[in-house]
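Biologist: I would like to learn how to read a model of this kind, feature by feature. Could you take me through the general idea each time and then the case at hand?

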Amino acid sequence: MDLAVVWLLVIVFGIFVYAILDGFDLGIGILYPWLNKQERMTALHSIKHVWDGNETWMVFAGVCLLVAFPKVYSQVLGTLYIPVFLMLFALIFRGVVFEYRFKADSSKVWWDFSFFAGSTIAAFSQGTILGSVLLGLQVNNEQLTPLWLHPFSLAMGALITIAYCSLGSLWLQINTEPMLEKKCNRIANKMIGLFSLLSLIVVYSFFGNFSWTDTTFVLSVISYKWMILMVVGLFGFLTIKSNSSMQNSSKQAFLLFCSYLFILYLGLLNLVFPYIIPGKLTIWQAMGNENSLQFALVGVAILLPVVLAYTVYSYKVFSGKPDSSAGAY
Amino acid sequence: MEFDPAILSRIQFALTISFHIIFPTLSIGLACYIAIMEGLWLKLRQPIYLQQAKFWIKPFAITFGMGVVSGLVLSYQFGTNFNKFSEIASPVIGPLLNYEVLTAFFLEAGFLGIMLFGWNRVSEKIHFGASVIVAVGTILSAFWILAANSWMHTPAGVIIENDQILVTSWLEVIFNPSFPYRFAHMLLASFITTLVVIASVSSYYLLKKRHQQFAKKSLGIAVAGLVVLTPIQAFVGDLHGLNTLEHQPVKVAAMEGIWETEQGAGLRLFAIPDQQQAKNDFEIVIPKLASLILTHDADGTVQGLNAVPENERPPVAVVFYSFRLMIGIGIFLLAMAYLGLWLAKKGTLFNNTYYLKTLKWSAPLGFIATLSGWYVVEVGRQPWLIQGLFRTSDLVTPLPAERVLISLIGFVVVYTLLFGVYLHFFKKLIRQGPETINSTTNSENITNAVNSNTKQVKPA
């Protein structure tokens with residue numbers, strides 16, 4: 001298979017794993033205002049040992065982009081300077097919370113705020129970055145100001161924030177005691193409903209306005225717009241239904257929502273392919289040096305399965321309800 | 001006031017990398033120290049080693065966390081502020097960073113959770129394994145990042161075609177001419193810096209007459225470590241200098257403050273370099289010493305800065321002063337190590353108040369020396385971003401100055417705040433001191449004693 005496609009798949013995989021894993025721990029931060037003091041500690045304990053590994057997937061996806069599509073890496077980061085730094089600052093503020101919150105006495109309120117604000121701003125910026133890329137990194141004047149404040153980018157920001165929020169509440173539902181579990185279940189249902197609704201609005205009002213939407217869609221027989229609308233509606237309904245009936249395990253609801261996101265994500269990729277910056281650069285135009293791609297691919301092929309194996313192991317070590325005993329180590 | 005976005009981007013990069021490097025320097029050393037202590041405990045079953053490991057894990061955790069969040073910024077800054085660099089150099093830098101993520105970042109992150117929170121969830125041996133893996137991860141991370149950095153100083157294994165870098169040999173890229181010296185120098189710097197911090201904290205306890213058993217053990221280890229490592233560092237530093245003379249003679253000229261090519265060049269103990277006039281003011285020179293050190297021949301020739309055009313010279317003063325600061329601290333630490341050895345032989349290491357007070361205040365020295373060394377190396381490479389191939393000024397993102405200014409101000413504010421917070425919590429952990437561990441030979445009791453601090457364990 002063609003190197004550009006293989007690398008695209010690696011990056012697509014990396015971004016998805018990132019979105020799910022860091023999605024749920026960012027989501028817990030976004031949910032913070034709805035949790036009381038005790039619940040916040042439980043929530044933080046359920047992710048304190050995994051957030052660092054989760055965030056590493058973003059570095060992985062970024063670096064893969066640098067190797068495989070250097071033009072995209074430099075254009076996206078150079079153009080979206082402001083939302084990228086907004087996201088990085090936000091991630092700094094929420095990242096240090098894990099180290100300091102447990103050891104804090106008088107400053108707990110600040111750390112809680114930092115965790116909430118940091119998680120929310122990070123999620124929202126990620127959404128606007130995605131939105132701006134989908135808009136083809138349009139620049140509205142010579143000032144190189146990208147359209148990251150375009151209604152579509154902002155809607156994507158909201159969409160990602162709500163998606164993470166849903167993941168966070170579903171994760172917490174699995175990893176907590178009964179009291180909080182019910183609360184999370186209620187929040188999760190609302191969030192997934194909201195997510196589906198907003199997806200419908202976004203798809204309905206924006207899709208079709210972009211140059212890339214009708215050129216490359218594989219299943220052009222059926223109108224893509226209506227198909228996406230159907231998928232969104234159906235999956236939203238199924239996930240909420242599964243989550244509402246408490247007979248089903250919460251793990252199943254989590255997995256179902258992940259597959260819901262995955263299908264939307266694939267649909268989006270399918271629309272954009274073979275562009276990587278829609279309307280501007282195809283994966284072949286953006287591809288880096290072949291020798292370097294091959295050299296790095298050897299590493300990915302050998303090491304990624306190993307990484308996945310020990311990531312699963314470290315999740316297993318801490319599986320089950322968290323011990324919310326003493327703060328740390 | 002007009003700002004140059006290129007200069008602002010460089011200041012921002014220098015600021016973020018300076019802030020970042022503090023944390024890996026300490027976390028590499030602490031990770032190794034913790035793994036060694038845990039290993040010794042498993043082997044010897046003396047509780048004091050477990051106490052060492054358990055205590056230092058806390059400062060390690062906050063240090064590591066700071067390294068993660070500040071490192072995250074760096075990995076994206078190539079793209080945001082030096083996007084032409086990321087495009088041109090991606091064939092080399094990309095795969096090296098990719099291997100760093102796969103072999104180091106994931107490894108550290110995957111086992112850090114077990115190392116920090118897994119005491120009650122995995123066996124002693126697996127916990128030790130996790131600590132070792134984290135330590136290995138930190139070293140591997142240094143390996144790849146220094147391979148990439150060294151390559152920018154001494155590019156090898158590539159050809160340039162139409163302004164594109166094409167790799168011809170990955171082995172030559174990774175093991176480029178300056179890499180082995182830089183890697184060894186940095187690892188030693190990190191071990192030495194950490195031992196100085198450990199010595200400082202131990203001295204503080206001894207002076208305060210708290211946790212004395214604990215502090216005596218760690219001070220002993222730290223001084224012994226410094227006695228071994230500081231002379232090795234001096235030796236490796238010398239080799240690194242010789243290597244730089246071979247590949248980046250202009251940098252060495254800036255380090256030494258030598259403007260005219262000289263035979264039997266003297267060592268400038270002090271000088272005020274004047275970049276405009278291309279000369280030094282107020283020189284204090286020891287004749288022939290620079291030649292002797294650099295070429296190992298008192299009459300050897302040392303190339304001066306004037307041998308290259310003005311626009312290929314680095315900012316001399318920064319390099320010159322940083323170099324002296326690094327060397328000065330190095331000599332001071334070497335002297336402290338051997339003074340400590342002498343005191344230990346006399347049997348007064350633990351109660352010589354002057355010595356302990358000096359050590360107590362020495363904690364920042366390793367960091368300052370590491371940072372100065374970093375400035376010597378990085379500023380000394382200017383105006384090149386990739387030595388001899390690409391200039392820094394040609395590879396920056398053409399951003400509006402105010403945008404870079406905003407992010408730069410953001411970094412100054414955020415990092416100042418974070419550094420204050422870090423120091424506050426670091427001090428707090430030090431003041432709390434190590435947990436008490438019953439000195440008993442029965443290992444089960446030890447484990448119980450340790451666990452009782454975090455979890456109620458019923459006596460067997």
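**Reading salt bridges and the interface**

Modeller: In this predicted model, the side chains of A:R101 and A:D112 meet in a salt bridge, with 2.7 Å from N to O. The two partners are 11 residues apart and link distant parts of the chain, A:R101 lying in the loop between α5 (81-100) and α6 (108-134) of chain A and A:D112 in helix α6 of chain A.

Biologist: Are A:R101 and A:D112 buried or exposed?

Modeller: Both A:R101 and A:D112 are buried.

Biologist: Which helices of chain B are tied together by the pair B:R324 and B:E256?

Modeller: The criterion is a side-chain nitrogen of Lys or Arg within 4 Å of a carboxyl oxygen of Asp or Glu, and B:R324 and B:E256 form a salt bridge with their closest N and O atoms 3.9 Å apart. Because B:R324 lies in helix α10 (residues 316-346) of chain B and B:E256 in helix α8 (residues 249-256) of chain B, the pair ties together parts that are 68 residues apart in sequence. B:E256 has a relative accessible area of 4%, so this residue is buried.

Biologist: How do B:E262 and B:R268 count in terms of accessibility?

Modeller: Buried means under 20% relative accessible area. B:E262, at 22%, therefore counts as partly exposed, whereas B:R268, at 8%, counts as buried. The side chains of these two residues, B:E262 and B:R268, meet in a salt bridge at 3.0 Å, N to O.

Biologist: How many salt bridges are counted between chain B and chain A?

Modeller: The count between chain B and chain A is zero salt bridges, while 13 residue pairs, both at pLDDT 80 or more, are in polar contact between these chains. The elements that give two or more residues to the side of chain B that touches chain A are α2 (47-81), α3, β2 (164-167), α5 (170-174) and α14 (401-432) of chain B, and α3(B) gives the most, with 24 residues.

Biologist: What area do the two chains bury between them?

Modeller: Chain B and chain A bury about 6,300 Å² between them, 72% of it on carbon and sulfur atoms. In chain B, the residues that lose the most area to chain A are B:Y76, B:F106 and B:R121, together 13% of what that side buries.

Biologist: Why does the length of helix α7 of chain B agree with what its residues should span?

Modeller: At 1.5 Å a residue, the 36 residues of helix α7 (residues 212-247) of chain B should span 52 Å, and the end C-alpha atoms are 50 Å apart, which agrees.

Notes: Residues are numbered from 1 along each chain as its sequence is written. Chains are lettered from A and ligands numbered from 1 in the order in which they are written. This is a predicted model: local features need pLDDT of at least 70, side-chain atom pairs count only at pLDDT 80 or more; totals for chains, interfaces and linings use all residues. Side-chain values use heavy atoms; hydrogens and water are left out. Helices (H or I, at least four residues) and strands (E, at least two) are DSSP runs, numbered from the N terminus. The expected span of a helix is 1.5 Å times one less than its number of residues. Buried area is the accessible area (1.4 Å probe) that two parts lose on being put together, summed over both. A polar contact is a pair of N or O atoms within 3.5 Å; within protein, one must be able to donate a hydrogen and the other to accept it, and residues adjacent in sequence count only if both atoms are side-chain atoms. Buried means under 20% relative accessible area, exposed over 50%, partly exposed in between (1.4 Å probe, protein chains only).
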